[in-house]
Amino acid sequence: MNPTRKRRLVIVLLILAAATLATALAAVALQNNMNYLLTPSEVQSGQASDYSTFRLGGMVKAGSIQRSSDSLKVTFTVVDAGGAMPVEYTGILPDLFRDNQSVIATGHMDGARFVATEVLAKHDETYMPKELKDAMAKAHEAKPGMENRE
């Protein structure tokens, strides 16, 4: 093999190695930043045990909101068709946060409760994230007699 071909082969191999390394690093970075959306019934069935941080989606149970008088700590319950999950959050809640409102909370499990670092409320009466809508529809299908409830 002449020196020109050898040099081209080395350059091509270095480019391929760099591209492979860049792809691997991008995949690892994306995987570390993923937040999975789960409903309370999915969390109670044990699906959340694989994730250190995830998003919890559902409706705020009527009458479950309790605010601390001396801090910004708020506790409430998020429900779906098949389960309920107590949530603890310290911070300022969105203006649209209230009873019977769809919410998505980002955080982690601490025993049997969910500790949220961020709480988002839906922005109007017809909007629901596709992931949450699909997860809640799946939960409705799993429960006989729940198909017509909304």
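Two strands are said to pair if DSSP finds at least two bridges between them. In this predicted model, strand E3 (residues 66-67) meets that condition with E4, the two being antiparallel and joined by two bridges. Within this pairing, Arg67 has Val74 of E4 as its bridge partner.

Phe76 is bridged to Val87 in E5, and Val78 stands opposite Met85 in E5. E4 and E5 likewise form a hairpin, with four residues between them. A further partner of E4 is strand E2 (residues 54-60), which runs antiparallel to E4 and is joined to it by two bridges. Here Met59 stands opposite Val79 of E4. In a regular strand, side chains alternate between the two faces of the sheet.

Strand E5 pairs in the parallel sense with strand E7 (residues 113-121), over three bridges. Glu88 stands opposite Val115 in E7.

Strand E5 covers residues 84-90 and strand E6 covers residues 102-110, and the loop between them contains Asn100. The backbone of this residue was examined next. Asn100 has a positive phi of about 55°, although it is not a glycine. Asn100 counts as exposed because its relative accessibility is 51%, and the cut-off for exposed is over 50%.

Definitions and conventions: Residues numbered from 1 in each chain as written. Predicted model: local features only at pLDDT ≥ 70, side-chain atom pairs only at ≥ 80, totals over all residues. Heavy atoms only, no water. Buried < 20%, exposed > 50% of the residue type's maximum accessible area, 1.4 Å probe, protein only.
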